[in-house]
Amino acid sequence: MNRIELSRQSAEAVPLHVPPAGVPASAYAPLLLRRPERSAAHRLLQATALRPGLDLLGLVFAVVVALRWPQEPVPFSEGWPLLVFPPLVMVLLLVRGMYERRLRPTILDGVVPIAGSVSVAAMAAVVIESYLVRSQFAPAVTAHLWAVAMVTVGGTRAALLGVQRLARSRGLDGRPTLIVGAGAVGTRLARRLEDQPEYGLTPVGFLDADPLETLDVSGIPVLGSPDDLDWVAQITGAEHVVIAFSSEPDERLVDLVRRCEALGLEVSLVPRLFESLNHRATYEPLGGTPLVGLRTVHPKGWQFAVKHGFDRLGALLLIVLFGPLMAAIAMAVRLSSPGPTIFRQRRVGRDGTVFDLYKFRSMRMPDPAAAGFRPGEGSAPGGVEGADRRTLIGRLLRRTSLDELPQFFNVLRGEMSLIGPRPERPEFVELFETDIRRYGDRHRVKSGLTGWAQVHGLRGQTSLSDRVEWDNYYIEHWSLGLDFKILVLTVLAVLRPAE
């Protein structure tokens, strides 16, 4: 029996009499304790046929409803073209990658593919009915078919995502994951997977013959070198392997990927120069050598000029729309406590330009003798800094983010954008640029009222390195579609205010 066949058996059936070199026997107990059980929820949610099956049921239901409601039942001789609708929608969803397993799918990611696939299939059905069958019911039936299919397919997808997130948050749907490379990148991935179980990957150990950093991430041990993959996968029940940066040469890592395939393990790869890659990158083979073409958007090019034009137009419309509300808030702030209505604070924007950021004042005036605030190590400033001086109306404004409304005038003046990295105070910029890698990259674009980091919960005194990572991701992957997605997520976040 070879090692691959041995690794496919359960850990209980194959006792390990001799500990592998470099791994203390004391590491086995926590490994076995970390090994998750295969719950019924995990098996169901990981089933390959789950999403296609739910889509098929929803589409068949849409066809039945369209043929029978609200008009008289359509005879089969005229309604048979609708039978091509379910498979055509599913083929279009397959082409758009909607049946591929993703780490963190969202409802917004599926809106355009589902709407496009259902619409194209509905148009094909109406063409067949109108020109081949010449059915008098074609327009009405197709309209009902489209509407019901949008609700059933979109609804079942949204419900499935909700169930999946709930199961992952409770530890019922996490796939045990090994990380190759215990360096800075590998440990950062492990920490994020531990902190955010909604990704569905549960790190159980590192594989690295020569760890670059001896960091303990939530008790996740270094189990050995990549040569120990077989027994480690067996004892941990691993289903997924993430290959980060390690001291292994590339040819060894290629062999590792082949072994993962033989063991039935899914593989994810952190590519070299990953900080320069975005969704615009292209793949082109040069003989047997793949080339990845890097495509970036220049922050001062025409694309961002269009964005800034939309920013100013949107800010003007929002000022008109929220004008009465802002007037009422200004009066309430004025009456709440002594001090100015508008709070001004120096912030650093694009290219290091300093400007005054506007907010409704939410705090009582500070004590001149009070000590200055300094954020904790690794944390960004924000939120309540020092003594809590918030007024009653200020608490409400902060909880609902209404104190940010005056920043529409910053956008109208061209100092800020609706979407972008949040601006910081000059004294903290000087501090962070020397301590945080790539912090200064955020000043390539205009600051924003909201951003990619904020909609992922990085507000106030949260991890500064994580915030920088999300902000730089936004700059590298910018598109008008991403801006729209952030706007929608911001509205949803405001509707779910938290203290």
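**Close-up 1. F428 and F432 lie together in helix α15 (residues 426-435), four residues apart and thus separated by about one turn of the helix.** In this predicted model, both F428 and F432 are buried. By the ring-pairing rule applied here, the count for the structure comes to eight aromatic pairs. The ring centres of F428 and F432 are 5.9 Å apart and their planes stand at 15°, so the pair is classed as stacked, the cut-off for that class being planes under 30 degrees apart. Together with Y439, the residues F428 and F432 make up one aromatic cluster.

**Close-up 2. F245 and F274 form a tilted aromatic pair, with ring centres 5.8 Å apart and planes at 55°.** F245 belongs to the loop between β4 (240-243) and α11, whereas F274 belongs to the loop between β5 (266-269) and β6 (282-286), so the pair ties together parts of the chain that are 29 residues apart in sequence. F245 has a relative accessibility of 22% and therefore counts as partly exposed, and F274, at 25%, likewise counts as partly exposed.

**Close-up 3. L273, in the loop between β5 and β6, has a positive phi although it is a residue other than glycine.** The phi angle of L273 is near 55°, and the residue is exposed, with a relative accessible area of 65%. A positive phi is also found at D351, which is not a glycine and for which the value is about 60°. D351 is placed in the loop between β8 (342-348) and β9, and with a relative accessible area of 48% it is partly exposed.

**Close-up 4. D55 and R157 meet through their side chains in a salt bridge, with a distance of 2.8 Å from N to O.** The structure as a whole holds 20 salt bridges.

**Close-up 5. D466 and R191 form a salt bridge in which the closest N and O atoms are 3.2 Å apart.** This pair links distant parts of the chain, since D466 lies in helix α16 (residues 464-476) and R191 lies in helix α9 (residues 184-195), 275 residues apart. D466 is buried, with a relative accessible area of 10%, whereas R191, at 30% relative accessibility, counts as partly exposed.

**Close-up 6. D227 and R252 are joined by a salt bridge whose closest N and O atoms are 2.8 Å apart.** The two residues connect distant parts of the chain, with D227 in the loop between β3 (222-224) and α10 (229-236) and R252 in helix α11 (residues 250-263), 25 residues apart. D227 counts as partly exposed at 38% relative accessibility, and R252 is partly exposed as well, with a relative accessible area of 35%.

**Close-up 7. F360 and Y474 touch the most other members of the largest nonpolar core, which contains 31 residues.** At least two residues of this core come from each of α12 (302-336), β9 (354-360), α14 (407-412), β10 (417-419), α16 and α17 (480-495). Helix α12 gives the most to the core, with six residues. When residues up to four places away in sequence are not counted, Y474 is in contact with K307, I419, G420, P421, W452, L482, D483 and I486. Apart from this core lies another, of 24 residues, and V63, L67, L93 and A125 are among them.

**Close-up 8. R104 lies over the face of the Y199 ring.** The distance from R104 to the ring centre of Y199 is 5.2 Å.

Definitions and conventions
Residues numbered from 1 in each chain as written. Predicted model: local features only at pLDDT ≥ 70, side-chain atom pairs only at ≥ 80, totals over all residues. Heavy atoms only, no water. Salt bridge = Lys/Arg side-chain N within 4 Å of Asp/Glu carboxyl O. Buried < 20%, exposed > 50% of the residue type's maximum accessible area, 1.4 Å probe, protein only. Core = buried A, V, L, I, M, F, W, Y, C linked by side-chain atoms within 4.5 Å. Contact = heavy atoms within 4.5 Å. Phe/Tyr/Trp six-rings, centres within 6.5 Å; stacked < 30°, edge-to-face > 60°. Lys NZ or Arg CZ within 6 Å of the ring centre and 35° of its normal.
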